[in-house]
Amino acid sequence: FNFGIKSDGDPEFSPDGKWIAFESDRSGKPDIWVVSTSGRDLRRVTTDERTNTGPSWSTDGQWLVYDSGGGNQADIRIISVSGGKPRQLLQNEWADWLPDWSPDGEKIVFTSNRTGNWDIWQITREGTSQKQLTDDPAFDFCPQWSPNGAEIAFISSRSGAKNVWIMSADGTNARQVTHFEKEGIGRTIGW
């Protein structure tokens, strides 16, 4: 990745391990890019005027889900890895961001402030059946499915500092995993 004048971040390997999706501002604004693990075949996937970040692969490796917008408003979209027109899953006045695709390819979890607080939500791959998974006054964000889909890891400030928590896929049984007392975890985690 290029960490010079332009910034690359949030890398995620494709399910087959041959590609990396990431966000980069090398086009002049944040967009979703993919590159082969050999470092060749770099291509820009999103090409619209919006800020596009937080890519996550579908289980078949053909699609990426990401957040699109900026500031206090962002939507969840999916796009073919080869590019083209994105499909908007959620569009509203809230910030829906940091999506992650479930291992079975049927659900997407994401962070949203639609209730006035930052919590973890879930939708189907079609953008339907919205379900709130966390409901805590703390800042809950950056959900990540476990490899078997039974649990979701996320970052929360419930204990004061930002720490990693794990809950069952239905939002129950939340438990703290790390115990930082200051600063804590940044923006991304993984299994």
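Predicted model: local features only at pLDDT ≥ 70, side-chain atom pairs only at ≥ 80, totals over all residues.
Q: What is the volume of the largest pocket?
A: The largest pocket has a volume of about 530 Å³.

Q: Which residues lie nearest its centre, and how many line the largest pocket?
A: The lining holds 27 residues. Nearest the centre are E12, S56, D100, Q144 and W145.

Q: Where do nonpolar side chains tend to be in soluble globular proteins?
A: They tend to be buried together. Now take the case here. The largest nonpolar core has eleven residues: A95, W97, L98, F141, C142, A153, I155, V164, I166, I185 and I189. Elements giving two or more residues to this core are β9, β13, β14 (151–159) and β15 (161–168). There is also a second, separate core. That one has ten residues, including I78, L89, W101 and W121.

Q: What does V164 touch, leaving out residues up to four places away in sequence?
A: V164 touches F154, R175, Q176, V177, T178, I185 and I189. V164, I185 and I189 are among the residues of the largest nonpolar core.

Q: Is N117 buried or exposed?
A: Burial is read from relative accessible area, with a cut-off of under 20%. N117 has 19%, so N117 counts as buried. N117 sits in the loop between β10 (107–112) and β11 (119–124).

Q: Which backbone oxygens does the side chain of N117 reach?
A: The side chain of N117 reaches the backbone oxygen of D136 at 2.3 Å. It also reaches the backbone oxygen of A138, at 3.3 Å. Beyond four places in sequence, N117 touches S112, D136, P137 and A138.

Q: Is H179 buried or exposed?
A: The cut-off for exposed is over 50%. H179 has a relative accessibility of 58%, so H179 counts as exposed. H179 is found in the segment after β16 (175–176).

Q: Which side chain does H179 join through a polar contact?
A: The side chain of H179 makes a polar contact of 3.3 Å with the side chain of Q176. Q176 is also one of the residues that V164 touches.

Q: What separates the C-alpha atoms of H179 and G190?
A: H179 and G190 are eleven residues apart along the chain. Their C-alpha atoms are separated by 17 Å.

How values were computed. Residues numbered from 1 in each chain as written. Heavy atoms only, no water. 1 Å grid on protein atoms, 1.4 Å probe; cavity = no way out; pocket = protein on both sides within 12 Å on 5 of 7 lines; lining within 4 Å. Points joined across faces, edges and corners; volume = space filled by probe spheres on them. Core = buried A, V, L, I, M, F, W, Y, C linked by side-chain atoms within 4.5 Å. Buried < 20%, exposed > 50% of the residue type's maximum accessible area, 1.4 Å probe, protein only. Helix = DSSP H or I, 4+ residues; strand = E, 2+ residues; numbered from the N terminus. Contact = heavy atoms within 4.5 Å. Polar contact = N/O pair within 3.5 Å; in protein donor to acceptor, adjacent residues only side chain to side chain.
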